[in-house]
Amino acid sequence: MFNHIMVALDRSTYSHRTLPTAIEMAKKFGSDLFVLHVSEHDRGRAAVYSLESPAEATRLVGDAVEEARDAGVKASGEVRDAAAQHTAQTIVDVATAKGVDLIVMGSRGLSEVQGFFLGSVTHKVIQTAHVPVLVDRAPVESRAAETAAKRPATV
């Protein structure tokens with residue numbers, strides 16, 4: 001059913017939890033797994049600057065590919081560069097070019113309205129992809145714990 005699965009990763013904890021789901025799907029269907037990380041860049045007044053180092057991006061993909069291979073899944077990956085606000089389109093374009101049958105992504109668990117106003121990459125991919133998108137949400141308990149950890153302590 002799914003011969004070529006792509007998992008789109010970023011540096012978020014939600015994304016990190018998505019890799020095991022993608023590996024399980026690849027094992028279940030005997031699929032190969034393609035790991036994609038889109039490294040965003042932004043344009044300043046005098047130059048274009050990356051929002052992360054190339055080494056960080058390469059390490060993220062390399063570690064994910066290694067984890068998939070250690071689990072017995074045929075895996076490869078790459079880092080793509082995209083202008084800020086074009087990440088979702090880059091994910092969809094790569095999926096099309098690679099002949100992907102399923103895109104696996106993480107989600108912060110935002111409501112439809114929050115996703116619309118915040119411009120969630122996952123939300124945009126769901127709206128524009130021509131293949132199924134599996135959204136792996138963090139469990140409610142862990143989302144609540146992460147939200148609580150970000151709040152300032154009250155005395």
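This is a predicted model: local features need pLDDT of at least 70, side-chain atom pairs count only at pLDDT 80 or more; totals for chains, interfaces and linings use all residues.

Colleague: OK. At what angle do helix 4 and helix 6 pack?

Modeller: About 45°, with the axes 8 Å apart. Helix 4 covers residues 87-98 and helix 6 covers residues 121-128. At that angle the two helices are therefore oblique to each other.

Colleague: Is the crossing left-handed or right-handed?

Modeller: Helix 4 and helix 6 cross in a right-handed way.

Colleague: Which residues make the contact?

Modeller: From helix 4 you have Thr 87, Ala 88, Ile 91 and Val 92. Helix 6 puts in Val 121, Lys 124, Val 125 and Thr 128. By type, that contact has 5 nonpolar residues, 2 polar and 1 charged.

Colleague: Switching topic: how many aromatic pairs turn up in the whole structure?

Modeller: The search finds 1. Phe 2 pairs with Phe 29, edge-to-face, at 5.2 Å centre to centre and with 85° between the planes.

Colleague: Where do those two sit in the chain?

Modeller: In distant parts, 27 residues apart. Phe 2 lies in the segment before strand 1 (4-9), while Phe 29 belongs to helix 2 (residues 18-29).

Colleague: And is Phe 2 buried or exposed?

Modeller: Phe 2 is buried, at 11% relative accessible area.

Methods: Residues are numbered from 1 along each chain as its sequence is written. Side-chain values use heavy atoms; hydrogens and water are left out. Axes are lines fitted to C-alpha atoms, for helices over the stretch in contact, and angles run from 0 to 180 degrees between N-to-C directions. Helices (H or I, at least four residues) and strands (E, at least two) are DSSP runs, numbered from the N terminus. Angles under 35 degrees count as roughly parallel, over 145 as roughly antiparallel, 65 to 115 as roughly perpendicular and the rest as oblique. A crossing is left-handed if the near helix is turned anticlockwise from the far one by less than a right angle, and right-handed if clockwise. Contact means heavy atoms within 4.5 Å. Ala, Val, Leu, Ile, Met, Phe, Trp, Tyr, Cys and Pro count as nonpolar, Asp, Glu, Lys and Arg as charged, and the others, Gly among them, as polar. Rings of Phe, Tyr and Trp (its six-membered ring) pair if their centres lie within 6.5 Å; planes under 30 degrees apart count as stacked, over 60 as edge-to-face and the rest as tilted. Buried means under 20% relative accessible area, exposed over 50%, partly exposed in between (1.4 Å probe, protein chains only).
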